[in-house]
Amino acid sequence: MKTSHFASKLKRKREEGKGKKKKKEGNKQEERKIADVPKFLSMLEDGHDEGEGFNNESPRNKVMEGLWQDPDHNDSGLTEGSETEEDVGFHSNEEDIVISGQPTSEDSVQLRSFDLHLQHDLSKEEIDRERNRKFGWETPAIGLPNCKWTGTGKNILEGLDINSCHGLKAMLSEHWLDVYKTSGGRDISSAKQKMFFSLCSSYRDILYCNKRPFYLKGLEDASIMDAYIIHSLNHVFKTRDSVKKNDAKLAKLKENADKDRFRDQGFTRPKVLVLLPLASIVYRVVKRLIQLTPSAYKTNVEQMHRFSTKFGSEEHKVDMENGEESENAKPHESSKPADFQVLFGGNNEDDFMIGIKFTRKTIKLFSDFHTSDIIIASALSLVNKIEEFGSNKEKDVDFLSSIEVLVIDHADVIAMQNWSHVHTVIEHLNRLPSKQPGTDVMRIRPWYLDDHARFYRQTIILGFYSNPDINASFNHQCINYEGKVKLVCEYKGVLHKVLPDIRQIYERFNVDSIVEADDARFDYFVKKVFPRIKDLDQGGTMLFTNSYFEFIRIRNFLKSQNASFCLLGEYTTQSDISRARLWFYEGKRKIMLYTERSHFYHRYKIRGVQNLIIYSLPERKEFYPEIVNMLDGSDNMTCTVLFSCLDKLRLERIVGTAPTKRMVAAEKGVFVFCH
């Protein structure tokens with residue numbers, strides 16, 4: 001039976017029943033559900049949804065056909081609205097901050113930042129307008145010298161009171177402050193942190209790529225991590241508050257309830273997805289999440305030992321066995337740089353996924369993904385899940401269908417792994433579920449049924465730097481109707497870290513479009529650079545490339561020229577690496593081809609470098625002086641760097657923003673740095 005015919009039939013029955021007495025309280029829950037459905041469906045058929053209406057081809061109609069099944073059938077475990085006995089009473093008696101029983105101004109802000117974002121009725125005109133929005137305003141970034149915020153739409157930072165954590169639940173705010181006081185902090189950190197939390201609570205998409213990572217020397221920028229964790233907890237708790245309050249109201253109204261007023265859910269329960277690069281970083285984030293969760297919600301943390309065993313380092317495991325806790329793995333004595341030891345000194349697993357569920361007084365780690373509140377995963381693990389679903393229809397990734405907050409932390413490290421995985425994950429977020437969800441269809445928000453959930457998803461991208469791939473995802477895959485904000489910074493460069501005697505010669509090649517950039521770089525190398533080195537008797541020439549594709553292209557070219565060379569790439573075996581380094585040092589191979597990704601994972605110090613050619617600049621600015629300083633002790637203290645106007649992002653991090661502007665615009669194409 002078609003949905004429209006079934007809805008019309010039920011609608012007529014409902015109209016015939018008008019004026020009759022209410023059913024008794026003893027009616028079964030099943031009967032109450034069926035009694036409410038025709039009203040919902042008939043309302044959709046009558047064009048209740050402005051702008052799109054309801055027809056046989058509309059996304060909502062297709063979803064309703066899929067959902068019109070036995071409401072007791074539930075393949076995904078718990079529904080979003082249904083609770084186990086331990087879930088009941090999950091929320092404390094805490095209410096949002098009020099004075100003398102009247103809502104404060106903070107309550108109205110809370111309404112704007114959470115409820116109105118999710119309750120907004122998005123029109124087709126707004127969707128079309130969002131796709132053409134441009135960054136039109138700028139505001140200095142508090143606490144970040146030489147940086148500014150720029151965004152689309154209205155300037156939300158204009159007149160913003162950063163001294164109040166608008167939209168934050170009182171219990172979370174008080175606990176956040178207590179945590180800082182206990183740890184010796186002066187306040188809920190700095191103005192920078194408060195501003196960032198305010199940006200998060202505005203539900204705009206955010207690109208923040210000047211976040212100092214924990215593994216670099218100096219003060220860790222943990223305040224940003226705290227802000228997005230608190231925002232994620234706030235979103236989960238407010239979502240659960242909304243569901244529980246509406247459950248209570250519906251229980252009082254019983255079968256006469258107009259459920260259209262209580263649409264507060266998605267297809268599935270998970271609302272927050274956090275993408276991280278390494279298991280050791282998951283350990284840091286989850287430990288901090290537990291610490292920032294108010295005590296009322298964490299009387300018990302289930303599976304903590306299993307979590308420490310799976311995600312902690314060997315030091316963490318020993319500490320757990322001894323009944324102790326260790327926040328960070330201590331780096332072993334090594335010749336590697338300190339930041340390398342801290343980043344890779346823990347659990348380096350990059351294929352992981354964990355669900356976190358909040359019940360009445362318990363945090364459940366390793367909860368089923370479909371019934372979790374927060375999912376923390378690597379992009380690789382999710383791509384594997386997506387591929388499993390593609391080959392086995394018994395599987396599903398429906399737990400990605402209702403993500404409302406996406407956080408991508410340490411985006412620069414993920415980019416070193418494989419950013420295309422992130423692109424794939426984002427493409428599969430907020431799709432219509434492949435199986436019948438367990439949620440009461442009458443409680444699903446209309447924009448989920450209209451396949452508009454991606455326009456409501458907030459995406460927060462955090463990293464040490466940005467690159468074209470990260471920017472492309474932010475510009476084209478983040479389409480939140482609220483708009484976007486991003487941090488833009490000026491850089492001083494890292495040339496001062498290069499040894500004084502080394503001459504750095506930058507040669508600019510011309511390129512007309514991004515499509516031709518790779519070919520233009522390769523042609524310049526073949527015609528202008530390679531002739532200088534092919535007949536050198538000295539040897540000791542290192543060719544450094546930014547990407548694996550460049551590595552393969554140059555390798556094939558050197559083969560065609562019968563050049564004497566060796567390889568040191570990310571897929572080179574350890575035995576071949578050791579052999580190549582020895583041959584290069586002894587002069588048995590004149591050229592070594594080396595990639596940034598290989599340097600990222602190994603941080604080799606190559607001996608025997610006499611001549612350095614940087615075919616493409618590294619993304620990570622700290623690598624530049626490391627690579628160039630390998631010339632120390634050589635007879636020819638000179639390196640050659642190839643660049644174009646399209647390399648601006650990498651170039652300004654290395655030579656500085658002001659010199660970069662001159663270098664890409666000047667008539668001459670050769671620039672020399674020596675200090």
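Select Cys 147 and Cys 489: both are buried, that is, under 20% relative accessible area, where exposed means over 50% and partly exposed lies in between (1.4 Å probe, protein chains only). Their sulfur atoms are 2.2 Å apart and form a disulfide, a term for a pair of cysteine sulfur atoms within 2.5 Å. The structure holds one disulfide. The link of Cys 147 and Cys 489 is right-handed, with 110 degrees about the S-S bond. The pair joins distant parts of the chain, 342 residues apart, with Cys 147 in strand β4 (residues 147-151) and Cys 489 in strand β13. Helices (H or I, at least four residues) and strands (E, at least two) are DSSP runs, numbered from the N terminus.

The model on display is predicted: local features need pLDDT of at least 70, side-chain atom pairs count only at pLDDT 80 or more, and totals for chains, interfaces and linings use all residues. Residues are numbered from 1 along each chain as its sequence is written, and side-chain values use heavy atoms, with hydrogens and water left out.

**The whole chain**

The secondary structure comprises 23 helices and 20 strands, and 55% of the 675 residues count as buried. Among contacts (heavy atoms within 4.5 Å) between residues at least 6 apart in sequence, 78% join residues at least 24 apart.

Lys 484 counts as buried because its relative accessibility is 7%. Leaving aside neighbours within four places in sequence, the contacts of Lys 484 include Glu 130, Thr 150, Arg 204, Asp 205, Phe 474 and His 476.

Move to Ser 202, in the loop between α7 (191-201) and β5 (205-208). Ser 202 is buried, at 14% relative accessible area. Beyond residues up to four places away in sequence, Ser 202 touches Ile 156 and Glu 482.

**Helix α23**

Select residues 657-665, which make up helix α23; the buried residues in this helix are Thr 657, Pro 659, Thr 660 and Met 663. Viewed down the axis of α23, these buried residues fall within an arc of 155 degrees, so they line one face of the helix; the arc is that of the directions from the helix axis to the C-beta atoms. Arg 662 and Ala 665 are exposed on the other side of α23. What do the buried residues of α23 pack against? They pack against β13 (484-489), β14 (503-508), β19 (638-643), α22 (648-655) and β20 (670-673).

Two further cysteines may be selected here. Cys 639 is buried, with a relative accessible area of 0%, whereas Cys 645 is partly exposed, at 38%.

**The second largest pocket**

Select Asp 469, Asn 546, Ser 547, Phe 549 and Glu 619, which lie nearest the centre of the second largest pocket among its 34 lining residues. The elements that give two or more residues to this lining are α14 (411-427), α16 (468-476), α17 (517-533), α18 (548-560), α20 (596-602) and α22. The largest share, six residues, comes from α14. On a 1 Å grid over the protein atoms alone, a pocket is an open set of points where a 1.4 Å probe fits, with protein on both sides within 12 Å along at least five of seven lines; lining residues have an atom within 4 Å of a point.

The pocket has a volume of about 1200 Å³, the space filled by probe spheres set on the grid points, which are joined across faces, edges and corners. Colour the lining by residue class to see 14 nonpolar, eight polar and 12 charged residues. Here Ala, Val, Leu, Ile, Met, Phe, Trp, Tyr, Cys and Pro count as nonpolar, Asp, Glu, Lys and Arg as charged, and the others, Gly among them, as polar.

**Two last stops**

Select Gly 569, in the loop between β16 (565-568) and α19 (574-586). Gly 569 is buried, at 1% relative accessible area. Not counting residues up to four places away in sequence, Gly 569 touches Phe 551, Thr 595 and Ser 598.

Finish at Val 282 in helix α9 (residues 279-292). Val 282 counts as buried, since its relative accessibility is 0%. Apart from residues up to four places away in sequence, Val 282 touches Leu 276, Phe 307, Phe 311, Phe 352, Ile 354 and Ile 376.
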